[in-house]
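Please work through the following exercises with the sequence and the structure in view. Each task is followed by a solution in steps.

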Amino acid sequence: MVAHLMRLKLALLRNSFRRSPWQLVGVCIGGLYGLGMVVFAVTGTALLADADAALANTILVCAASLVTLGWAIVPLVAFGVDLTLDPARFTTFTISRPRLATGLLLSGFIGVPGLLTLLLLGGQFLAWRRDPPALLAALAGGVAGALMCLALARLTTTSMARLTGSRRFRDVAGIIAIIPLILLGPIIGTAAEGIESVLDWLPRLATVLGFTPLGVFAALPGDLAAGAWGLGAARLVLGLAYLGAVLWAWERGLHKSMENPLAPHTGSKPVGMGAFGIFPATPRGAVAARALTYWLKDPRYAASIVVVPLMPVLIWFTSTNSGNPQLMLVLGPLLGILMAFAISADVSYDSTAFSLHVLTGVRGVDDRAGRVLACAVFALPVTLLAAILPPVFLGRTDLLPAILGISLCGLLSGFGVASVASARFTYAVPLPGESPFKTPPGAGARMAVVQLATFAIMSVLLLPALGLLVAQVLTHHAIFGWLALAVGVVEGAVLLVAGIRLGGRWLDARAPELMQAVAANR
Amino acid sequence: MSNSTAEPGTPALSIRSLGKRFGDKVAVNGISLDVPAGSFFGLVGPNGAGKTTTLSMATGLLRPDAGQAWLAGIDVWAEPLRAKAAMGVLADGVRLFDRLSGRQLVTYSGLLRGMDRDTVAERTEDLLRVLDLEDAGAKLVVDYSAGMTKKIALATALIHSPRVLVLDEPFEAVDPVSAANIREILADYVAHGGTVIVSSHVMDLVQRMCSHVAVIAEGNLLAAGTVDAVRGGVSLEERFVQLVGGRGNSEGLSWLHT
């Protein structure tokens with residue numbers, strides 16, 4: 001059956017050439033171009049045999065990881081996956097699932113990209129030609145790595161096939177698209193730093209990648225060359241486990257898609273009461289449950305904090321580039337403030353759905369507190385982690401209390417300020433259902449002014465705790481750090497309560513005006 | 001919240017000289033109107049007549065430039081929370097929290113009003129059942145059709161068993177079967193002492209359904225009273241066209257005569 005499927009793929013390929021000669025020309029040009037690249041790359045690989053084994057290992061692992069990552073991602077972004085053998089077409093046939101899966105996977109090698117990948121990854125052995133055990137490991141690892149590429153591509157496209165066409169997919173894809181754009185700056189910056197700093201962190205990167213599905217097989221020969229047989233054996237087991245897991249997941253997805261063939265997607269899958277069953281049945285709890293549901297389901301909210309998981313990466317880049325790892329200490333306060341301000345556009349995001357709050361006469365203080373509560377559910381743990389981990393890893397636990405105090409002060413007082421600000425000001429934001437990255441006309445100036453003002457207020461509010469941190473650094477007395485913690489938490493708590501109260505009062509007084517403002521943003 | 005604490009004879013809704021201006025345009029030009037308690041009151045008028053603006057000002061959604069509104073004797077703009085507790089509103093042209101499921105949205109509306117969880121759960125199921133949304137209850141509102149969206153919005157206005165219902169265009173895009181169901185629910189509600197105020201521009205519907213009617217055009221109140229008194233022997237539609245004017249241009253499209 002497996003051979004049958006591969007022959008089918010070959011026949012389909014041949015027939016498509018017959019029907020359209022231009023396709024053949026395209027495949028030939030693409031194939032030749034790809035082949036040239038592969039020959040070039042493999043020649044380079046062969047040269048590595050004379051280089052230091054550790055360097056060769058680093059380069060090969062990074063390169064192979066990049067190729068594997070490409071297989072996992074490119075088909076999704078470019079939607080250019082070869083679905084000559086679309087699993088959906090086998091729905092009506094009775095083929096045992098493992099055989100179908102194997103056949104479909106191996107048929108991936110019949111085709112230009114699959115074949116070239118096999119050649120490229122298999123060509124690694126040239127780098128290890130002076131070391132017979134490593135050479136054999138490189139050959140086996142190359143084939144296994146190529147299989148991993150195909151399996152990953154199948155896994156991602158199969159799981160995505162269920163999402164494509166659904167509203168949820170469009171939501172998520174829009175956000176994913178922005179992440180590389182945000183990271184582009186530091187990446188280019190790092191590249192421009194010159195090859196030296198790249199060489200500094202590449203080995204570390206390779207070490208990490210060697211334990212991920214991306215680079216595990218490529219790292220295998222390096223272990224043997226270094227004589228680390230135990231590590232090599234462990235890595236082989238790990239790699240096979242990864243491959244098995246990917247295949248299993250893909251096969252499951254395949255099975256699901258064949259049992260429930262994709263019908264035109266209308267409507268979402270049923271949802272339960274979700275957060276409404278968790279929060280207390282009070283107006284405040286209801287607002288929190290609704291807001292938390294939106295944090296999870298509305299891409300605009302996710303987009304407003306998409307920068308949060310990227311922030312550690314950005315700061316890490318900056319701190320390694322500037323050679324000052326202490327910079328990582330700002331992560332806690334920064335994330336605290338950022339996440340607190342994520343609720344400052346809450347009413348704007350509600351758009352005219354806010355009318356429900358006006359019509360039900362929910363008290364302003366309940367509205368404010370509920371929104372803060374929902375955001376705090378994830379913002380508080382994240383802030384705590386971002387405040388605690390950097391000092392611990394940098395070996396500066398002496399600064400931990402002060403950093404924790406400043407971070408919590410930033411988060412709590414940020415909630416307070418945002419609660420007041422969003423009761424008074426609305427932004428022009430993307431409407432519900434629109435792309436989260438659409439910039440509505442006329443948004444810029446006002447948003448900039450309001451945000452500048454709030455950040456200015458924040459920096460003033462953080463002064464006491466910051467001052468105590470400076471005092472600790474200058475005098476080396478731990479007491480100032482603990483004072484910073486106490487002052488930060490107390491100040492933050494007081495401002496939080498005050499902000500919710502004041503914001504609530506403003507909301508009670510101005511709900512109709514706020515309603516008008518969001519209606520005007522339509 | 002459904003008991004009638006107001007003295008008998010107090011109008012369900014009473015507005016005095018209510019006015020609103022948007023820039024140069026006068027949207028509502030000092031309207032005064034009484035809606036008797038226990039009536040099924042229709043508010044009719046051509047597009048852009050000021051129906052939605054008037055109802056928004058009477059329900060606390062839009063602050064009037066001038067005038068006052070009392071709901072069951074409670075000043076809407078002096079005691080908004082008390083007034084809002086007594087009314088259920090279906091606003092027109094506003095979004096819903098549509099990333100919630102229908103069931104979540106109705107529950108949300110009940111909980112926001114401070115009702116307890118069990119009552120909310122029980123009434124939510126009742127509402128979904130009578131509005132024929134039981135199967136759709138677990139689906140996200142964003143995936144609803146226009147008619148279903150209208151029905152779920154109606155459910156959010158009914159959950160707290162208000163004394164007065166203010167419904168802006170409740171039958172728009174609703175299928176005939178559901179519309180009949182809704183009419184039945186509303187008629188039953190009125191029969192048991194509730195007051196319903198609906199805006200519509202379907203005269204036929206208003207004539208059949210309502211006990212009272214008010215005609216608004218260009219921000220002014222043209223007529224108000226019982227349906228029979230307002231229409232004075234002719235159909236409501238004819239009377240409406242007489243009042244509002246604007247007919248007589250049907251000769252204009254001679255090229256349309258094929």
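**Exercises with solutions**

**Exercise 1.** Identify the bridge partner of B:Val213 in β10(B), and describe the element that β9(B) and β10(B) form.

*Solution.* Step 1: B:Val213 has B:Gly225 in β10(B) as its bridge partner. This is a predicted model, in which local features need pLDDT of at least 70, side-chain atom pairs count only at pLDDT 80 or more, and totals for chains, interfaces and linings use all residues. Residues are numbered from 1 along each chain as its sequence is written, while chains are lettered from A and ligands numbered from 1 in the order in which they are written.

Step 1: Strands β9 (residues 212–217) and β10 (residues 220–226) of chain B run antiparallel and are joined by six bridges. Strands (E, at least two residues) and helices (H or I, at least four) are DSSP runs, numbered from the N terminus; two strands pair if DSSP finds at least two bridges between them.

Step 2: β9(B) and β10(B) form a hairpin with two residues between them. In the turn, B:Glu218 has a positive phi of about 50°.

**Exercise 2.** State the strand order of the open sheet of four strands in chain B, and explain why β2 and β5 of chain B each have one side without a neighbour in the sheet.

*Solution.* Step 1: The order is β2-β1-β4-β5 (chain B), and the pairing is antiparallel.

Step 1: Because β2 (25–35) and β5 (74–75) of chain B stand at the edges, each has a single partner strand, and one side of each is left without a neighbour in the sheet.

Step 2: For β5(B), two bridges link it to strand β4 (residues 66–71) of chain B. Here B:Trp70 stands opposite B:Asp75.

**Exercise 3.** Determine how many residues each chain gives to the contact between chain A and chain B.

*Solution.* Step 1: Chain A gives 32 residues and chain B gives 36 residues; two residues are in contact if their C-beta atoms, placed from the backbone, lie within 7 Å.

Step 1: On chain A, α11 (283–297), α16 (355–360) and α21 (478–520) each supply at least two residues of the side that touches chain B.
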